[in-house]
Amino acid sequence: MTVQSPDLISELLRGMRLSGVKYRRIETRAPFGLAFHQAAGKAQFHFISRGPAVLRMESGATFHLSVGDALFIPNGNAHVLMSDEQAPVTPVSEFPSEPICNSVCAITCKPCPENESTVIFSGCMDFELGGMQPLIKAMPEVMMVSRLMSTWPEIHPLLAAMERESMTRQVGFAGILARLADVVAALIVRGWVEAGCGKATGWVQVLRDPRLSRAIYAMHQQPGVNWSVAELAKEAGTSRSVFAERFLSATGTTPAKYLSELRMRLAIQYIRHEHQAIETVALRLGYGSLAAFSRAFKRIVGQAPGTLRETGQTPEEV
């Protein structure tokens, strides 16, 4: 099914931020089994520079990977990369690592001749969708680049560059790999959204429903407006009762609560990433006073906006 609202897709992709927190270049040989624990609030990315390998998710789903395969795990689910399904498994964190640059380290699990090794480039990433953060929970546990290759051929040269940088290890290769991983992961997400979000249900209905999309898009474009259900129904071109019922069914919440949570997600983005003054953010998001904004922020996010700025910590997902 094709997604119906290009404007809402653009809004989603505009708010998308992917940045590596920790990258690893892993070199090993068969038999091997590398366990990656649940990364709460993070996404995980793997690229097979030299393979093959088998991916087994905590759910039991298994995927056979070959050289050039890339995959994205948007909700950071626990998983294992292994040479075969009978290989012994060791947490990847137990292997010694050697820093290559600020964000990338090298892990050599089993020294071996280069032509016999398996090389994997892995990343643990911050993954944000700005105002559309709830969509992350609707994403599949694994998103494979192989499913996009025929539709988005521009991915091919990026994967070839990743393979080349990982294997030749020229000056600066680690930083280049990290940046390429960010781009490839973003393309995987974009491809999933533009292809209709697979078989996902729940919040994804918003992207598939042109009427709901128009109302949601209006809130995203003007989050400082105190939208009423009647005004949103007019944007959607439906009656007030039909709109309210359809909105609740698709999002699991009311328009008023959605707008409040949208404002807080945007507030976090404005304060953390754009370093805007809290007073400016309060006015931009439709609050008549700093006190009113602070009360709403603390009620929904669980901490005061000033604390977020002082500590630089990431609040729980809104």
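## Exercises on helix packing and strand pairing

Helix α5 (residues 210-221) packs against helix α8 (residues 255-272) at an angle of about 35°, and their axes lie 10 Å apart. This is a predicted model, in which local features need pLDDT of at least 70, side-chain atom pairs count only at pLDDT 80 or more, and totals for chains, interfaces and linings use all residues. Residues are numbered from 1 along each chain as its sequence is written, and side-chain values use heavy atoms, with hydrogens and water left out.

**Exercise 1.** Find which residues of α5 and α8 meet, and describe their classes.

*Solution.* Begin with contact, which means heavy atoms within 4.5 Å: I216, M219 and H220 in α5 meet P255, Y258, L259 and L262 in α8. Sorted by class, this contact has six nonpolar residues, one polar residue and no charged ones.

**Exercise 2.** Work out which strands pair with β6, and whether its faces are buried or exposed.

*Solution.* Recall that two strands pair if DSSP finds at least two bridges between them. Strand β3 (residues 42-50) pairs with β6 in the antiparallel sense over four bridges, and F47 has A70 of β6 as its bridge partner. Next, strand β12 (residues 143-144) and β6 pair, again in the antiparallel sense, over two bridges, where F72 is partnered by M143 in β12. Finally, both faces of β6 (residues 70-73) are covered, since A70 and F72 on one side and L71 and I73 on the other are all buried, that is, under 20% relative accessible area with a 1.4 Å probe and protein chains only, whereas exposed would be over 50%.

Key
Axes are lines fitted to C-alpha atoms, for helices over the stretch in contact, and angles run from 0 to 180 degrees between N-to-C directions. Ala, Val, Leu, Ile, Met, Phe, Trp, Tyr, Cys and Pro count as nonpolar, Asp, Glu, Lys and Arg as charged, and the others, Gly among them, as polar.
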